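Subject: Structure handover and notes

Hello,

Here is the structure I promised to pass on. Please open it next to the sequence and read the notes below with both in view.

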Amino acid sequence: MPITYSQAGVDIDRGDALVERIKKLARPTRIPEVVADVGGFAGLCALPSGLVDPILVSGTDGVGTKLKVAFAANVHDTVGQDLVAMCVNDVITVGARPLFFLDYFATGTLELDVGEAVVRGIAEGCKLAGCALLGGETAELPGMYAAGEYDLAGFAVGVVERAKMLDGTKARAGDVVLGVASSGLHSNGYSLARKVLFERMGLGIHDEVPGLGRTAAEALLVPTRIYARAVRELLAAVPAAVRGLSHITGGGLPGNLPRVLPEGLGARLDLSVYERPAIFRVIAEQGPVEEAEMRRTFNLGVGLVVVVAPEAEAAALDALRGAGEQAFRLGDVLEVGADVPFEDRVRFDR
């Protein structure tokens, strides 16, 4: 008897049905530069007009083991925003405007409602970033994933004029380091967070986390903030004063801030100047996890760092706060010896 692709585990009709749903979700993210709608073999997007010596900027990432929390909670409409955020927040660190985003969604058996929820989150992330959901790929791969699980990856492309590109080389000792608050864990350190909450503390996914007033699912699935609008407002307010931007992801402040500082420069930070989100206190106390390990694993409440000239501190803070962000002075840039290891170039007062 003949066998079909569907009997082998791949349902083409279901994939086509998801594409139709995606088209409706992608339409509101369209920007003027988009040339064609979702559904073709390739996404088409023109460069914005009037740019002088434009440079394309790209970033790619995934969501990591935060997906395991989404599977357990059966909540799928937030990890899409995480995916966009992890890519776009990298692209904007060079001063680029995000133009478009494409995703890769792979699963063993395609569930339409789950796939639509994931892409709904991606579309919401694109709207927050001001970029277009230009296309993507949905792959049904029988035998590759456990039942009810999937993987996500994506990439963003932006553009910046060469003369306006931020590369960190303009930073000087005495510059001010500003912190922009995260919404929580964002999308890093989840292997450690899950070990503490679910193994050490013995919590279930829908159990309330002591001291938080929220369930584990609610605490762990807070979407990653997208800083594109805030950076746009910042660069409009003090374009010549911004020395560097650092997206704080895996590696924390010690592993990310030095990436936008020239050799011979580091930073002195005071983590007592802002209120650390309570989820980090729970992880540190209940692990227990030492402070040094917390600092190099998590963002600890700082999702973006801005290095600015000291005379622009007040204006930069006003711009970030005016864009809806919590922003604060975090420290200063200082000289360090040439023999100081990369991971020791950030020093902490507290």
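Leaving aside its neighbours within four places in sequence, which residues is Gly 264 in contact with? Contact means heavy atoms within 4.5 Å. By that rule Gly 264 touches Leu 334, Glu 335 and Val 336.

Before the rest, two notes on the source. This is a predicted model, in which local features need pLDDT of at least 70 and side-chain atom pairs count only at pLDDT 80 or more, while totals for chains, interfaces and linings use all residues. Residues are numbered from 1 along each chain as its sequence is written, and side-chain values use heavy atoms, with hydrogens and water left out.

Gly 264

Gly 264 sits in the loop between α8 (252–256) and β9 (265–269). Helices (H or I, at least four residues) and strands (E, at least two) are DSSP runs, numbered from the N terminus. Gly 264 has a relative accessible area of 27%, so it counts as partly exposed. The cut-offs are under 20% relative accessible area for buried, over 50% for exposed, and partly exposed in between (1.4 Å probe, protein chains only). Arg 345 is 81 residues away from Gly 264 along the chain, yet their C-alpha atoms are separated by 8.8 Å.

The whole chain

The chain has 11 helices and 12 strands. Along the principal axes, the C-alpha atoms fill a box of roughly 75 × 55 × 35 Å. Buried residues make up 52% of the 350. Of the contacts between residues at least 6 apart in sequence, 83% join residues at least 24 apart.

The cores

A nonpolar core is a set of buried Ala, Val, Leu, Ile, Met, Phe, Trp, Tyr and Cys residues joined through side-chain atoms within 4.5 Å. The largest has 105 residues, and those with the most contacts inside it are Phe 101, Tyr 150, Leu 257, Ile 283, Val 306 and Leu 330. A second, separate core has 9 residues, including Ile 31, Leu 99, Leu 134 and Val 157.

Two helix pairs

Helix α5 (residues 190–200) and helix α9 (residues 278–286) pack at about 65°, with their axes 10 Å apart. Axes are lines fitted to C-alpha atoms, for helices over the stretch in contact, and angles run from 0 to 180 degrees between N-to-C directions. In this pair, Ala 193, Val 196, Leu 197 and Arg 200 of α5 meet Ile 279, Ile 283 and Gln 286 of α9.

The second pair is α7 (residues 228–237) and α11 (residues 313–322), whose axes come within 8 Å and cross at roughly 145°. Here Arg 229, Ala 230, Glu 233, Leu 234 and Ala 237 of α7 meet Ala 316, Ala 319, Leu 320 and Gly 322 of α11.

Helix α2

Is α2 (residues 66–73) mostly covered or mostly uncovered? Mostly covered: 6 of its 8 residues are buried. They are Lys 66, Leu 67, Val 69, Ala 70, Phe 71 and Ala 73. What covers them includes α3 (79–91), β4 (150–161), α5 and α6 (216–220). After α2 comes Asn 74, with a positive phi near 55°.

Backbone exceptions

Most residues other than glycine have a negative phi, and most peptide bonds are trans. His 186, in the loop between β5 (176–181) and α5, has a positive phi near 60°. His 186 is buried, with a relative accessible area of 1%. Leu 300 has a positive phi near 55° and lies in the loop between α10 and β10 (302–308). At 2% relative accessibility, Leu 300 is buried as well. A cis peptide bond, with omega about -15°, joins Gly 287 and Pro 288. Pro 288 belongs to the loop between α9 and α10 (291–297).

Regards
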